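Morning, everyone. Please take a look at the model on the screen, and I'll talk you through it.

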Amino acid sequence: MYRQMVSNGKTAKLFMGHSYRAGDEPDPGAGALENMPHGQVHIWCGDNKQPNLEDMGNFYSAARDPIFFAHHSNIDRMWTVWKTLGGKRTDFTDPDWLNAGFLFYDENANLVRVKVGDCLDTKKLGYVYQDVDVPWLKTKPTPRKLLGKKIEKFFHHHHVAHAAETPLLFPLVLDKSVSSLVRRPKKSRSKKEKEEEEEVLVIDNILFERDAAVKFDVYVNDEDESIGPGNTEFAGSFVNVPHKHKHVGGKKMKTSFRLGLTDLLEDLGAEDDDSVVVTLVPKYGKGLVTIGGIKIDFAKD
């Protein structure tokens with residue numbers, strides 16, 4: 001949770017995802033919260049052995065599962081907590097987006113239009129969340145190994161040389177764990193530069209069938225699949241909740257995945273490195289995902 005809410009969600013786009021307007025290509029890229037914990041809880045509560053069961057594991061029918069409302073209330077609470085963490089963690093201000101409207105049926109079955117801007121302040125909606133302790137804010141991930149050693153020296157002998165000699169050819173089918181040496185456009189940045197721009201890992205042109213349950217993990221400077229979310233090397237997870245419905249029509253989803261790297265690289269002592277090793281590990285949906293490329297970019301907002 002610390003990784004998703006704090007280091008992977010320093011801006012509105014990284015936390016909530018890229019803007020999506022009429023006429024845009026769908027699925028421009030979800031934010032940190034959408035993948036974890038949102039998507040993963042949907043998958044955990046769904047039963048993929050019963051494909052016709054209308055529960056949390058299916059996008060179109062998820063709201064028919066009673067636990068949906070508890071889950072999404074908690075996701076909404078996470079948004080409220082995120083706003084208190086400071087920095088660039090503010091809501092979108094683009095009026096084009098804030099004035100975008102969505103149609104819903106109210107409790108009396110009347111069709112009503114709700115604008116994005118109407119939903120930013122829970123107090124205006126008539127509710128607030130209880131002020132409780134948030135344990136995960138105190139559980140910053142720690143490096144799994146190599147404490148007191150230079151990360152780049154270790155990987156020069158064990159991983160980087162091999163990755164450089166056998167570069168990945170994109171697009172590639174993610175049917176097994178793969179590692180790629182990714183060049184950093186900037187390094188050794190000052191504190192001011194880091195505050196102005198977040199270094200971001202971009203997994204680009206992710207392609208798969210919409211009705212597929214997909215999850216893959218991303219590691220930085222570690223190819224060992226045994227590490228977990230409590231370790232710094234674990235950068236995050238991409239998750240897709242299946243869209244199984246006759247109206248979907250089997251059209252493939254094409255999207256991207258962005259992960260904040262600034263804090264992670266600081267904790268690994270890799271700020272001065274020219275490159276990092278990025279490892280993708282499919283957890284389910286092996287062979288169902290195509291990856292278009294991996295790069296490092298910088299985001300101001």
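First, the ground rules. This is a predicted model, so to speak: local features need pLDDT of at least 70, side-chain atom pairs count only at pLDDT 80 or more, and totals for chains, interfaces and linings use all residues. Residues are numbered from 1 along each chain as its sequence is written, and side-chain values use heavy atoms, with hydrogens and water left out.

Now the overview. The protein chain has 10 helices and 11 strands. Those are DSSP runs, numbered from the N terminus: H or I of at least four residues for helices, E of at least two for strands. Of the 301 residues, 44% count as buried. Buried means under 20% relative accessible area, exposed means over 50%, and partly exposed is in between, with a 1.4 Å probe and protein chains only. The chain exposes about 16,300 Å², and carbon and sulfur atoms supply 53% of that. Accessible areas come from the Shrake-Rupley method with a 1.4 Å probe; for residues, only the protein chains shown count as cover.

Next, contacts, meaning heavy atoms within 4.5 Å. Take those between residues at least 6 apart in sequence: 75% of them join residues at least 24 apart.

On to strand 6, residues 214–220. How many of its residues are buried? The count is 7 of 7. In a regular strand, side chains alternate between the two faces of the sheet. Here both faces are covered. Val-214, Phe-216, Val-218 and Val-220 are buried on one side. Lys-215, Asp-217 and Tyr-219 are buried on the other.

What does strand 6 pair with? Two strands pair if DSSP finds at least two bridges between them. Strand 7, residues 234–240, runs antiparallel to strand 6, joined by 6 bridges. Phe-216 stands opposite Phe-238 there. Strand 9, residues 275–284, is also antiparallel to strand 6, again with 6 bridges. In strand 9, Leu-280 is the bridge partner of Val-218.

Phe-238 comes up again with Asn-35. Asn-35 sits in helix 3, residues 32–45. Its relative accessible area is 2%, so Asn-35 is buried. Leaving out residues up to four places away in sequence, Asn-35 touches Ala-30, Gln-40, Ser-237, Phe-238, Val-239 and Phe-257.

Now Glu-199, in strand 5, residues 198–209. Is Glu-199 buried or exposed? Buried, at 2% relative accessible area. With residues up to four places away set aside, the residues Glu-199 touches include Arg-184, Lys-186, Arg-189, Leu-261 and Phe-298. Lys-300 is 101 residues from Glu-199 in sequence, yet 9.2 Å away in space, C-alpha to C-alpha.

That brings us to charge. Side chains of opposite charge can pair when their charged atoms come close. A salt bridge here is a side-chain nitrogen of Lys or Arg within 4 Å of a carboxyl oxygen of Asp or Glu. The whole structure has 13 of them.

Glu-199 forms one with Arg-184, at 2.9 Å, N to O. The pair links distant parts of the chain, 15 residues apart: Glu-199 in strand 5, Arg-184 in the loop between strand 4 (178–183) and helix 9 (191–196). Arg-184 is buried too, at 7%.

Lys-186 and Glu-197 meet at 2.8 Å, N to O. Lys-186 lies in the loop between strand 4 and helix 9, and Glu-197 in the loop between helix 9 and strand 5, so the pair ties together parts 11 residues apart in sequence. Lys-186 is partly exposed at 36%, whereas Glu-197 is buried at 17%.

Then Asp-267 and Lys-140, with closest N and O atoms 3.3 Å apart. Asp-267 is in helix 10 (262–268) and Lys-140 in the loop between helix 6 (122–125) and helix 7 (151–158), so parts 127 residues apart in sequence are tied together. Both ends are partly exposed: Asp-267 at 26%, Lys-140 at 41%.

There is also a salt-bridge network of Lys-10, Glu-198 and Asp-263.

What about disulfides, defined as cysteine sulfur atoms within 2.5 Å? The count is 0.

Last, the surface. Leu-103, Tyr-105 and Leu-111 form a nonpolar patch, with about 370 Å² of accessible area together. Patches take residues with over 30% relative accessible area and no salt bridge, joining like charges within 9 Å and nonpolar side chains (Val, Leu, Ile, Met, Phe, Trp, Tyr) within 5 Å. Leu-103 belongs to strand 1, residues 101–105.

Note on methods. A disulfide is a pair of cysteine sulfur atoms within 2.5 Å.
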